[in-house]
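Dear colleague,

Please read the notes with the structure open beside you.

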Amino acid sequence: MTTATEQSKVDALVSRAQALYEDVSFESVRRWKGQAECRKAIGFLPIYAPREVIHAAGALPVGILGGGDQLEIVRGDSFFQSYICHLPRSVVEMAVSGRLDTMDGFLFPSICDVIRNLSGMFQMLLAGKYVHYLDLPQNFDSELGGEFYRTELHAIADAVGALTGTRVTDARLHGSIALYNQNRRAIHDLLQLRREQPWLVPTTEYYLLLRAGYLLPVDQHTALIDEYLQAVPHAGRRPLDNIRVLIRGAFCEQPPLALLRTLERAGCYVVDDDFVLGSRFIPGPLDETGDPWTALVEGFTRHSVSTASKYDEANTKGEDLVSLVREVRADGVLLMAPSFCDPALLDQPMLQSALDKAGIPFTSFKYSEDTGQFQVIREQAGTFADAIKLWGKA
Amino acid sequence: MTTQVIKDQSQERQKQMLADYFDSLAHAKENGRKVVYTFVPGNLTELIANFDLLPVLPEINALQNGMRGRTGDFIHAAEKSGHSEDVCTYVKADIGMLKAGNLGPTGQPLPKPDMLLLSYTGCFTFLKWFELLRKEYADCPVVMLHVPYQGDGHVTPQMRKYVADQIRDKVIPALETLSGRKFDPDKLKRDLKRSSAAEDDLVWVLESARHKPSPIDAYFGGVYYIGPIFTAFRGTQDAVDYYQLLRGEIEERIRLGLGPVTPEGNLSEEKYRIVTEGPPNWTSFREFWRMFYSEGAVVVASTYTKVGGLYDRGFRHDPANPIETLADYCMGCYTNLSLPERINLIESYMNEYQADGLLINSVKSCNSFSAGQLLILREIEKRTGKPGGFIESDLVDPRYFSAANIKNRLESYFQMIEARRGRA
Ligand code: SF4
Ligand code: SF4
């Protein structure tokens with residue numbers, strides 16, 4: 001095994017993920033569906049949808065995260081005022097240009113008012129398709145929010161099951177949970193490796209690998225990550241004198257790949273972030289032994305991560321962020337949010353004051369999924385990194 | 001002359017109610033009264049009153065401050081302290097007011113909250129707003145009431161149960177602990193009966209706009225008519241009396257064949273009948289209103305006057321099912337409706353009120369209202385064949401009210417209606 005062969009293995013895996021990332025017309029989903037008559041695909045928007053239920057109903061859950069900088073917006077802009085974020089424009093563009101035709105249904109998880117209203121727009125623009133607003137509970141009491149969520153899970157299972165003709169039995173759901181637990185384990189290993197040796201896992205590669213999970217069947221995605229994890233330590237990568245940063249605010253509209261590259265070139269190793277957050281919204285394994293519905297309910301109400309669109313019941317988001325910064329040994333925090341993103345931007349003052357109090361350096365900037373100019377961000381991130389290297393603070 | 005007197009009476013009455021309310025807030029602490037902050041849509045006013053607690057509604061403070069020209073500075077202060085330009089200005093106006101000493105719209109001090117009742121109907125920003133306020137008030141307790149959205153166009157039994165259970169198991173016990181009082185179901189029933197009586201009269205007033213000419217303006221005038229019922233007064237005798245008085249006044253206007261009252265007297269000629277979607281602008285409220293009445297445009301129905309409930313579609317607080325009715329109320333507010341249902345509602349207003357067109361005032365602050373409005377516009381035009389107009393402003397940020405621009409657009413819009421009529 002030479003370094004060169006391992007590197008070329010890594011390259012092959014990453015280019016497979018890159019091709020999926022560039023597939024804004026969901027051709028890979030079309031191909032997957034083409035392999036058997038009964039195959040169906042259900043699109044879901046950020047952040048979190050219970051993919052296990054869709055999988056157990058025999059459908060492919062497909063993450064819809066917007067068109068990034070790869071999609072020309074022809075009609076999408078005529079649906080939204082200038083002060084609304086970019087993601088819904090590219091999603092509507094996909095819908096009206098037929099790129100989502102291969103999807104058999106859509107879930108719009110509750111996250112903000114834009115996504116919420118977009119669910120109604122889809123009901124009109126794609127009339128006849130299954131479109132469901134998934135009201136994730138903000139009350140985390142298992143008797144209250146938990147029970148309500150359970151009825152939501154069953155409703156989705158019934159609706160998707162009716163499309164596929166496959167009833168979601170407890171046994172099937174158990175099987176799906178087990179598969180997704182393996183995926184959680186693989187993602188966890190990837191996160192750990194990046195945390196320990198960030199020079200081995202560049203942010204763009206890590207990002208592309210996570211994104212691939214939004215298009216691939218779950219077992220294939222797990223295998224992709226595992227192969228990467230096996231190859232990359234032997235690919236001859238060497239550490240650079242970069243600072244370690246943690247990123248918050250990018251949980252919905254995704255930053256363009258070039259922006260992630262810019263951050264790295266500016267001297268930042270990203271050691272924790274909230275990109276593609278739905279893929280690790282419940283980080284640990286779900287219970288595989290008891291009632292599978294309860295496992296999903298408890299997973300969401302008790303073990304899901306904190307983010308701006310979820311009510312911070314314990315009132316600890318500031319301290320939690322500070323502890324995480326320490327745990328991952330980040331030198332500083334980048335608060336990067338999409339322009340006009342109410343949840344992310346309203347969260348920022350709270351996060352900033354916690355970081356301030358703890359003496360943790362941070363800087364903040366806005367982006368859009370189609371940002372094309374990185375000069376200002378490169379300078380800002382570069383200055384931030386330099387200041388930390390020189391003085392230990394920004 | 002008679003009309004003038006009646007008008008003055010109802011307006012005076014509302015003014016007095018508001019003055020008394022802000023006065024009771026200013027003296028709440030010295031009188032040993034506790035205060036619950038909560039939001040307008042789907043508020044639990046009758047329940048808060050059940051424990052002799054006082055509600056504070058931050059959106060009302062923001063809009064009242066907006067009308068008094070104070071919000072520009074507040075927003076500026078909030079942005080200087082780290083709040084983004086991009087987010088809802090109600091929140092920033094509130095935070096700015098707090099930083100400036102928390103004097104309310106009347107200039108009297110506002111009491112600190114003893115509890116934040118986070119009943120978040122139809123808007124995610126509410127959630128962030130109270131998370132932010134919790135920090136400002138030394139971690140004041142928050143009670144979450146998650147109100148599900150009518151994503152599929154209706155309220156399911158599970159949704160109703162979820163909200164009712166939260167009210168019973170979380171909200172009521174928390175209010176009991178805060179107030180030291182037991183929940184009084186009989187008082188709640190009594191108050192809900194009064195709510196329902198006032199709601200009957202409100203609906204009568206709103207529907208009076210079906211007359212030609214309409215005796216009311218259902219947007220600019222409408223915001224005054226909904227004031228008491230959407231805020232701290234629902235369930236009180238004051239509210240019942242106010243709406244009776246108001247109804248009498250409108251009955252008299254119909255009898256005399258009068259159009260709506262404007263700040264410059266009665267409107268003499270109704271030229272255009274308009275349905276509006278979206279909140280008004282508060283910082284230039286009078287100027288905005290003048291742009292309508294100076295052209296003879298009357299708003300005959302508005303969605304904004306439904307943010308605190310769709311009473312005109314039959315909902316009444318029901319004393320026979322006190323908790324479930326509160327749950328239904330929470331879920332039934334306008335911004336908690338799915339987009340297709342909002343469109344259906346607007347379409348029915350266009351027909352029932354014989355409107356000439358739909359005008360959307362799209363406010364930058366409010367994604368809950370604004371995201372999707374361009375589709376609403378196109379769909380209504382398609383379904384009714386009537387012209388749609390679209391203007392942009394903000395609620396309380398004076399930087400986003402461009403008077404010349406809005407006036408131009410409105411004038412062209414009214415001309416377009418005229419031109420279509422010519423062709424018809
Ligand atoms: S980017 Fe922010 S505002 Fe836009 S849809 Fe996502 S969460 Fe909502
Ligand atoms: S976003 Fe809209 S509904 Fe929500 S607080 Fe702001 S103005 Fe009110």
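Domain 1 (1-28 + 172-236) and domain 3 (240-394) of chain A each give at least three residues to the lining of the second largest pocket, the domain bounds being taken from an automatic or database domain assignment. This is a predicted model, in which local features need pLDDT of at least 70 and side-chain atom pairs count only at pLDDT 80 or more, while totals for chains, interfaces and linings use all residues. Residues are numbered from 1 along each chain as its sequence is written, chains are lettered from A and ligands numbered from 1 in the order in which they are written, and side-chain values use heavy atoms, with hydrogens and water left out.

On a 1 Å grid over the protein atoms alone, a pocket is an open set of points with protein on both sides within 12 Å along at least five of seven lines, a cavity is a set of points where a 1.4 Å probe fits but cannot get out, and lining residues have an atom within 4 Å of a point. Grid points are joined across faces, edges and corners, and a volume is the space filled by probe spheres set on the points.

The second largest pocket has a volume of about 1100 Å³ and is lined by 44 residues, with R248(A), S304(A), V305(A), S306(A) and L324(A) nearest its centre. Two or more lining residues come from each of helix 7 (170-196), helix 11 (292-303), helix 12 (317-327) and helix 13 (342-358) of chain A, where helices are DSSP runs (H or I, at least four residues) numbered from the N terminus. Helix 7 of chain A gives the largest share, seven residues. By class, the lining of this pocket has 16 nonpolar, twelve polar and 16 charged residues, counting Ala, Val, Leu, Ile, Met, Phe, Trp, Tyr, Cys and Pro as nonpolar, Asp, Glu, Lys and Arg as charged, and the others, Gly among them, as polar.

The whole structure holds twelve cavities of 30 Å³ or more.

With best wishes
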